[in-house]
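Me: I am new to this structure and would like to learn how to read its features. Please take me through a few of them.

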Amino acid sequence: MKPLLILISVFLISLVSIILLSGDYNFALAARIAMSAMLLFTAIAHFVFAKGMSMMLPDFIPYKTAVIWLTGFIEIAAAIGLFIPQIRIITAWLLIVFFILILPANIYAATKQIDYQKGTFDGKGTTYLYFRIPLQLLFIVWVYLSAIIN
């Protein structure tokens, strides 16, 4: 829920700021700013809640904490890459692939009732997926519309 709130609020603030500063309705730029802010926010969680997030990975994945840190760095790199014109489109496609690849970890965490912030097994459970799966789809469409086709 927090990433969605950040995405929407930063988008609105960015859009109003762009309109006031340039007189232009640059929805794509405002959307990229919002996605970047959301990615930076979630990247921080990868370092602050690394123990709990590592619980979201199945047992067969080695070096879980390193994987969580790596995905945090990937999110930081993507947040930057969305603003570099020469790599914006490839960054966006890789980010879409990233969003698809992390969905199984979210599904696994929901089925195991993992609360990644507490590092416990008393999370929301599979009902969380009714929110998380559409949210993941929103992220994918958001990136596509703001960074690839625009």
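This is a predicted model: local features need pLDDT of at least 70, side-chain atom pairs count only at pLDDT 80 or more; totals for chains, interfaces and linings use all residues.

Reply: Residues are numbered from 1 along each chain as its sequence is written, and side-chain values use heavy atoms, with hydrogens and water left out.

Me: At what angle do the axes of helix α1 and helix α2 cross?

Reply: Helices are DSSP runs of H or I with at least four residues, numbered from the N terminus. Axes are lines fitted to C-alpha atoms over the stretch in contact, and angles run from 0 to 180 degrees between N-to-C directions. Here α1 (residues 2-22) and α2 (residues 27-48) cross at roughly 145°, and their axes come within 8 Å.

Me: Is the crossing of α1 and α2 left-handed or right-handed?

Reply: A crossing is left-handed if the near helix is turned anticlockwise from the far one by less than a right angle, and right-handed if clockwise. The α1 and α2 crossing is right-handed. Contact means heavy atoms within 4.5 Å; among the residues making it are Ile6, Val10 and Ser14 of α1 and Ala30, Ile33 and Phe41 of α2.

Me: Is Ser14 buried or exposed?

Reply: Buried means under 20% relative accessible area, exposed over 50%, and partly exposed in between, with a 1.4 Å probe and protein chains only. Ser14, in helix α1, has 9% relative accessibility and so counts as buried. Leaving aside residues up to four places away in sequence, Ser14 touches Ala30 and Ile33. Its side chain also reaches the backbone oxygen of Val10 at 2.7 Å.

Me: How do α2 and α5 lie to each other?

Reply: Angles under 35 degrees count as roughly parallel, over 145 as roughly antiparallel, 65 to 115 as roughly perpendicular and the rest as oblique. α2 and α5 (residues 88-111) pack at about 50°, with axes 14 Å apart, and are therefore oblique to each other. The crossing is left-handed. Arg32, Met35, Met38 and Leu39 in α2 meet Arg88, Leu95 and Phe99 in α5.

Me: Which value of phi does Tyr63 have?

Reply: Phi of Tyr63 is near 50°, a positive value in a residue other than glycine. Tyr63 sits in the loop between α3 (50-54) and α4 (64-81) and, at 69% relative accessibility, counts as exposed.

Me: Where is Gln113 found?

Reply: Gln113 is in the loop between α5 and α6 (129-148). Its phi is positive, about 55°, although Gln113 is not a glycine. With a relative accessible area of 39%, Gln113 is partly exposed.

Note on methods:
Helices (H or I, at least four residues) and strands (E, at least two) are DSSP runs, numbered from the N terminus. A polar contact is a pair of N or O atoms within 3.5 Å; within protein, one must be able to donate a hydrogen and the other to accept it, and residues adjacent in sequence count only if both atoms are side-chain atoms.
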